[in-house]
Amino acid sequence: MNVKQANLQEQRKQLPIAKGKDAIIQEIRDNDVTVLLGETGSGKTTQIPQYLLESGVSGSGMIAVTQPRRVAATSLAGRVALEQNTSLGDLVGYSVRFDEVSSADTKIKYVTDGMLIRELLSDRLLSRYSVIIVDEAHERTLRTDLLISKLKTILKARNAPVHVDRKGKGRASALKANPLKVVIMSATLDAEKFSKFYDGAKILYVKGRQHPVQIFHTASGQSDYVDAATRTFFQIHVDQPPGDVLIFLPGQEDIESLDKSIQVYAARLPAEHMAVLTCQMFAALPPGQQSRIFNPTPANTRKCILATNIAETSITIPGIKYVIDTGKSKEKRFVARDVGSGFDTLLTGDITKSSAMQRAGRAGREGKGYCFRLYTEDAFQAMSATSDPEIRRCSLTSAFLQLKCLGEDLEELDFMDKPDADAVQFALKILFLLGALDTKKSLTSIGRHMASFPLEPPLACVVLTSKEHGCTLEILDIVSVLSCTSKLFFDVSDDRDNALEARRKFRHSSGDHMTILNAMRAYQEIASVESKGARRDWCRKHYLNERTLMEATKIRDQLRVACERIGLDWKASCGENEVAVLKSLCRGLVHNSALKQPDGSYMQTTGRSLVKIHPGSALGDRKADAIIYDELVFTTQIFARGVSAVPKALFAALPIFNRRGIS
DNA sequence: GAGCACTGC
């Protein structure tokens with residue numbers, strides 16, 4: 001063993017979880033389900049799988065460790081492979097969308113929870129795995145909840161008691177030879193809830209390793225948190241020793257205004273104070289500006305990072321000693337209204353206790369830290385402990401379709417938290433409108449095809465419909481951009497006119513979908529002839545997010561393969577005939593459509609809400625008779641985002657307008 | 001006239 005490896009093993013032994021190693025292994029060996037409550041820094045995510053492997057608890061099967069995020073799955077696998085002194089993909093591997101590194105020798109596999117759900121569709125009992133570890137269960141993502149629910153039924157099937165026949169001979173079923181162990185790992189207080197769901201599963205506690213963080217609350221409530229954050233920052237800056245500051249804010253608008261305010265006051269400080277360097281951090285920021293936060297802080301300078309929730313879990317910034325927490329965040333929440341319509345809201349609200357603690361913890365990663373909360377201690381006590389699980393606040397359309405493919409029903413499955421009845425009805429209605437379910441709520445063959453695409457059901461429906469109109473090539477380009485994480489066009493607030501001018505050549509009079517197609521086509525052309533650097537310059541010049549275009553290209557290729565599997569010719573092209581494209585879009589977005597009223601406003605076709613075309617849309621002020629859109633988001637008004645004008649005549653052929661009795 | 005964060009055989 002070389003020195004480096006010896007050091008690594010020494011580090012493993014120093015982790016807080018190492019102290020409880022034998023007891024933990026024994027408990028997992030003795031129980032089908034174990035709930036492990038471990039604070040951050042305990043080492044549970046990297047060590048437990050290795051303990052189970054080394055002690056033989058996992059037997060001959062694989063250990064799956066699920067993660068809500070791709071980056072976590074890949075980086076954890078890398079770390080554990082290093083600790084096992086093997087190359088990644090041998091003993092330790094990972095599997096995330098677009099990327100699988102594993103082999104026949106792989107015993108520990110880090111996977112995204114979505115990936116494991118996909119695997120369920122082909123292996124209902126997940127029989128390749130002897131242990132499934134659900135990590136970050138406290139985040140309660142929709143997919144984690146689905147998994148937790150399905151694991152309960154899988155446990156019943158695989159660990160069924162041995163049947164004893166009349167002759168007294170034990171007759172283990174074939175599956176009993178392959179029992180399953182489940183470990184639920186959570187970082188917060190709600191371990192009881194997981195335990196209760198699994199009929200009183202044993203709860204184990206592991207201490208974490210965090211430096212102490214001293215927390216201060218304000219004496220009275222602050223009505224203007226941007227102003228309060230400015231004052232608090234300068235109190236720290238003037239009175240406190242060096243160390244970077246992280247400020248949590250709800251969104252881009254507040255970040256930009258606080259940034260300006262800090263810069264104005266910083267310029268007026270006497271010369272004996274350190275300089276101030278502000279960095280903005282939110283998901284929609286171009287990657288070049290995002291990476292600035294990782295640059296080392298220059299000498300005699302205090303770095304101040306202004307961030308959204310992104311810095312709470314997704315990104316860890318080194319060097320933070322002080323946290324300022326406004327106590328606010330924006331949350332997307334699906335509202336199903338009177339079955340007729342539904343939309344997302346994106347509103348600023350109070351954070352939860354768990355989130356407040358997570359934010360404070362960001363100050364104690366490297367040493368003693370300080371957290372300044374811009375709210376009173378009473379306000380903290382009044383916060384709810386955790387946020388509503390996603391299953392209570394997301395559209396359930398996609399989850400419902402997947403469950404239908406597994407022969408399950410969203411209304412009957414045993415969940416930790418039951419989904420909202422209106423949201424269930426809404427999902428049912430959409431799936432019926434798209435033709436995925438029939439009037440008896442049974443899965444149709446179209447529905448099964450839809451589920452085979454890694455797309456939201458409406459977009460999968462658009463792809464299937466493109467066959468009729470001979471434009472699958474174009475539709476795949478559009479749909480792959482729509483299903484990207486990040487947006488195609490950067491939102492630049494300081495350079496808007498140039499951005500609009502640079503993008504003008506992609507703009508199509510019918511609106512956003514054809515505009516996306518134009519940009520995607522132009523990029524593909526550049527990508528096929530130019531070098532990487534020239535491509536990047538081209539994207540920058542046109543204010544296009546290259547990350548989105550690269551991701552979209554990968555998704556498009558994946559969709560092409562999915563098309564081939566069901567015999568859909570993805571090369572079918574309509575050339576410049578945009579009507580074919582709009583017809584296909586109309587079919588899948590039928591529930592997302594609106595008609596112009598006599599006064600020029602738009603009213604939903606499936607509900608009674610007035611909607612407004614989002615100002616960022618390429619459609620602009622054109623007053624089309626009928627529109628379709630990708631989504632409806634309520635912020636200050638109900639905005640339709642991703643909008644195209646469609647000939648009104650197209651609507652007549654759609655099922656919603658020629659069928660009655662939709663429930 | 002405006003943009004919390006994740007993810008998918």
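**Figure 1. T345 sits in strand β17, which covers residues 341–350.** Welcome to a predicted model, in which local features need pLDDT of at least 70 and side-chain atom pairs count only at pLDDT 80 or more, while totals for chains, interfaces and linings use all residues. Residues are numbered from 1 along each chain as its sequence is written, chains are lettered from A and ligands numbered from 1 in the order in which they are written, and side-chain values use heavy atoms, with hydrogens and water left out. Helices (H or I, at least four residues) and strands (E, at least two) are DSSP runs, numbered from the N terminus. With a relative accessible area of 11%, T345 is buried; that word means under 20% relative accessible area, while exposed means over 50% and partly exposed is in between (1.4 Å probe, protein chains only). Which residues does T345 contact, leaving aside its neighbours within four places in sequence? They are E331, K332, R333, V335 and F634, where contact means heavy atoms within 4.5 Å. R231 is 114 residues from T345 along the chain, and their C-alpha atoms are separated by 31 Å.

**Figure 2. Y322 and Y370 form a stacked pair.** The structure holds nine aromatic pairs. Rings of Phe, Tyr and Trp (its six-membered ring) pair if their centres lie within 6.5 Å; planes under 30 degrees apart count as stacked, over 60 as edge-to-face and the rest as tilted. Here the ring centres of Y322 and Y370 are 5.7 Å apart and the planes are at 20°, so the pair is stacked. The two partners come from distant parts of the chain, 48 residues apart: Y322 from strand β15 (residues 320–325) and Y370 from strand β18 (residues 369–373). Are they buried or exposed? Y322 has 0% relative accessibility and counts as buried, and Y370, at 18%, counts as buried too.

**Figure 3. F334 and F426 make a tilted pair.** Their ring centres are 5.0 Å apart and their planes are at 55°, so this pair is tilted. F334 belongs to strand β16 (residues 328–337) and F426 to helix α14 (residues 421–433), so the pair ties together parts that are 92 residues apart in sequence. F334 is buried at 12% relative accessibility, and F426 is buried at 9%. Elsewhere, F233, F234 and Y265 form one aromatic cluster.

**Figure 4. V111 is a buried residue of a strand.** The strand is β5, residues 108–112, and V111 has a relative accessible area of 1%. Not counting residues up to four places away in sequence, V111 touches V65, T66, Q67, A73, S95 and L116. How far is V111 from K332? The two are 221 residues apart in sequence and 25 Å apart in space, C-alpha to C-alpha.

**Figure 5. L517 is a buried residue of a helix.** Look for L517 in helix α19, which takes in residues 512–529. The relative accessibility of L517 is 1%, and this residue counts as buried. Beyond its neighbours within four places in sequence, L517 is in contact with E474, D477 and I478. K107 is 410 residues away from L517 in sequence, with a C-alpha to C-alpha distance of 43 Å.

**Figure 6. N300 and K441 have positive phi values.** Phi of N300 is near 55°, a positive value in a residue other than glycine. N300 lies in the loop between α10 (287–290) and β14 (301–307), and with a relative accessible area of 57% it is exposed. K441 is not a glycine either, and its phi is about 65°. The loop between α14 and α15 (445–451) holds K441, which is partly exposed at 35% relative accessible area.

Figure 7. Buried residues make up 52% of the 663 residues in chain A.
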